[in-house]
Amino acid sequence: MARSELRADEGFDTFYERHWRRVYGICMTYMKNPADAEDCTEDVFVKVLTGNYEFTDELHEIKWLTVTAANLCKDRLRHWWNGKVSPIDEAAEIPAENSDSEYDDVISALRSLPEKHREVILMYYYTGLSTEEIALRLRVPASTARNRLRDARNKLKDILENDDL
């Protein structure tokens with residue numbers, strides 16, 4: 001297999017530029033808050049920078065970054081402090097720069113899904129994991145992973161079709 005593109009001759013900046021949008025998007029679907037999503041994105045890349053990780057190819061990088069971002073966000077959401085504070089951003093939603101309304105609709109629909117459905121969508125479509133690989137990571141039977149993916153697709157379809165009406 002080809003060696004990772006995170007090499008000494010290219011540097012971290014190239015790696016970061018190649019992947020930051022994807023990692024931020026994943027963090028945003030979990031955190032639902034730009035500031036928290038930025039913090040989590042930064043933490044993922046700090047982990048890469050301070051760790052001694054070797055990636056076999058770009059797909060391996062994407063899978064690792066996606067799973068790491070999701071896990072980091074879930075850990076942060078489970079933290080006891082989240083129950084004690086209310087986000088200041090609840091007062092007003094700040095529109096994203098250069099927002100694409102169709103893309104925003106999909107992201108909003110994805111955010112509205114229950115975590116178990118959002119998780120399989122991210123793993124399947126963003127990391128390219130098979131349902132068998134998803135089942136292993138979630139420690140559920142493969143049929144459960146397939147059913148969750150089917151249910152998530154149906155819910156997304158319903159949400160997006162109802163928004164158009």
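At what angle do helix α2 and helix α3 pack, and how far apart are their axes? The views below of this predicted model begin with that pair.

**View 1. Packing of α2 against α3.** Helix α2 (residues 34-50) meets helix α3 (residues 58-78) at an angle of about 130°, and their axes lie 10 Å apart. The crossing of α2 past α3 is right-handed.

**View 2. Residues between α2 and α3.** From α2 come D36, D39, C40, D43, V44, F45, K47 and V48. Their partners in α3 are W64, L65, T68, A69, L72, C73 and R76. By class, this contact has nine nonpolar, one polar and five charged residues.

**View 3. The largest nonpolar core.** This core has 35 residues. V23, C27, Y30, L65, I121 and I134 touch the most other members. Two or more residues come from each of α1 (12-31), α2, α3, α4 (101-112), α5 (115-126), α6 (131-138) and α7 (142-164). The largest share, seven residues, belongs to α1.

**View 4. Packing of α5 against α6.** The axes of α5 and α6 come within 10 Å and cross at roughly 130°. These two helices are therefore oblique to each other. Their crossing is right-handed. E119, V120, M123 and Y124 of α5 contact T131, I134, R137 and L138 of α6. By class, five of these residues are nonpolar, one is polar and two are charged.

Technical notes. Residues are numbered from 1 along each chain as its sequence is written. This is a predicted model: local features need pLDDT of at least 70, side-chain atom pairs count only at pLDDT 80 or more; totals for chains, interfaces and linings use all residues. Side-chain values use heavy atoms; hydrogens and water are left out. Axes are lines fitted to C-alpha atoms, for helices over the stretch in contact, and angles run from 0 to 180 degrees between N-to-C directions. Helices (H or I, at least four residues) and strands (E, at least two) are DSSP runs, numbered from the N terminus. A crossing is left-handed if the near helix is turned anticlockwise from the far one by less than a right angle, and right-handed if clockwise. Contact means heavy atoms within 4.5 Å. Ala, Val, Leu, Ile, Met, Phe, Trp, Tyr, Cys and Pro count as nonpolar, Asp, Glu, Lys and Arg as charged, and the others, Gly among them, as polar. A nonpolar core is a set of buried Ala, Val, Leu, Ile, Met, Phe, Trp, Tyr and Cys residues joined through side-chain atoms within 4.5 Å. Buried means under 20% relative accessible area, exposed over 50%, partly exposed in between (1.4 Å probe, protein chains only). Angles under 35 degrees count as roughly parallel, over 145 as roughly antiparallel, 65 to 115 as roughly perpendicular and the rest as oblique.
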